[in-house]
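Hi,

Here is the structure I promised to pass on.

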Amino acid sequence: MVWTSRACFRKYGNFVDNIRLYVRGGSGGMGLPRLGGNGGNGGDVCVVAKKGTTLKQIKDKHPNKRFTAGVGSNSSIYALRGAKGEDTQVFAPTGISVTTDGGRILGELNCEGDRLLVARGGHGGSLHSGFLPSKGQTRHIRLDLKLIADLGLVGFPNAGKSSLLTALSHATPMIASYPFTTLRPEIGKIMYDDHKQVSVADLPGLIEGAHVNKGMGHKFLKHVERTKQLMFVVDICGFQLGSNTPFRSAFETVLLLTKELELYKEELLDKPAILVINKMDLPEAQGRLRELEAHLENLEESSHIFPEDVTPKTLMRFMHIVPVSATTGLGLPLLKSLIRQSLEEQDDIETEGQRSEKLLKLRREIPTSSIPSWGFPQPT
């Protein structure tokens, strides 16, 4: 068991979702006082989103993690205006948040081709600077990857998330009978008969206290932020991490998962969510399902049974509740159908909202005097 665990952590080490870089803009070129020539500006350093790129590739290709742009050319009698220094591009995957060492967000790269200036080059020497150039901007930045997926799987270790992802998609995550099977994010694609694809992220399992970075902690929670919807995966027979931790029923698991998300970032509870009740092939599953359904039907009353450290302030309302067995395939066709339905409904709502917002903005921009008076009753 020990050897297996170590191998898993080595595997996680191959996945990099945060990296710190030193970036420096190029210095400007010297001006030419006797002829009034301007030196060229220094080059800039930009982070550019590129498909197929990973943070690990940056780490491996640039072990010193330093990126410096070119120096601007000096002014000369042959070229009074010096040439700009060469820009440097840092290619990074989409889903990157760029921050300073102090945590200030400089920008995000969500689509391929998105570009963010992170270190500006210095100005070339000119009359205003006494023909002396300035140095380029220097700083340390952090590239933080947050996976972009349609659906994010949320659950305690051994809830069957990896098995469910395998059954639904073409992903092949590692599956075993001990906690923390998933030690790095896995992305799978659910394929439909009409070639529609839905991306699903299986993320490291939460434990109680994840919001304060226990267990996988923030390595898990930050990836939930960019998924469109959440899918809670709960073991119908409950969960217990170890002999020194309390046993949690399926309903308590739902409450605790909600609470961990709430304590990390309350906005996560605004995401649409589906509840998947897994391992329905077990002998005692039907009786426990009836008990769970009774609790879910009387959510407020049932939540008061448990202490405050278990109960979230905001209770999660699920769009769909689906009993399944990732092992036997029970309920999976229905789940696939409901996943697509809920995502399409969300897209329709967002599209209509964007259309209404654009229409309202357009109406505000059109002067009242330009609206034609014909067709409306005239004042007498």
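To get you started: which residue in E4 is the bridge partner of Val48? It is Phe91.

Before the rest, a word on what you have: this is a predicted model, where local features need pLDDT of at least 70, side-chain atom pairs count only at pLDDT 80 or more, and totals for chains, interfaces and linings use all residues. Residues are numbered from 1 along each chain as its sequence is written, and side-chain values use heavy atoms, with hydrogens and water left out.

Now the sheet. Three strands form an open sheet with mixed pairing, in the order E4-E2-E7 (strands are DSSP runs of E, at least two residues, and helices are runs of H or I, at least four, numbered from the N terminus; two strands pair if DSSP finds at least two bridges between them). Strands E4 (88–92) and E7 (115–119) are at the edges with a single partner strand each, so one side of each has no neighbour in the sheet. From one strand to the next, the twist averages 30 degrees (axes are lines fitted to C-alpha atoms, and angles run from 0 to 180 degrees between N-to-C directions).

Strand E2 (residues 45–49) pairs with E4 in the parallel sense over 5 bridges, and with E7 in the antiparallel sense over 4 bridges. Val47 stands opposite Val90 in E4, and its bridge partner in E7 is Leu116.

E2 is also largely enclosed by the rest of the structure, because 5 of its 5 residues are buried (under 20% relative accessible area, with a 1.4 Å probe and protein chains only). Val45, Val47 and Ala49 cover one side, and Cys46 and Val48 the other.

Next, helix H3 (residues 161–168): its buried residues are Lys161, Ser162, Leu164, Leu165 and Leu168. Seen down the axis of H3, they fall within an arc of 160 degrees, so they line one face of the helix (the arc is that of the directions from the helix axis to the C-beta atoms).

The whole structure has 2 cavities of 30 Å³ or more (a cavity is a set of points on a 1 Å grid where a 1.4 Å probe fits but cannot get out, and lining residues have an atom within 4 Å of a point).

Cheers

Technical notes. Buried means under 20% relative accessible area, exposed over 50%, partly exposed in between (1.4 Å probe, protein chains only). On a 1 Å grid over the protein atoms alone, a cavity is a set of points where a 1.4 Å probe fits but cannot get out, and a pocket is an open set with protein on both sides within 12 Å along at least five of seven lines; lining residues have an atom within 4 Å of a point. Grid points are joined across faces, edges and corners, and a volume is the space filled by probe spheres set on the points.
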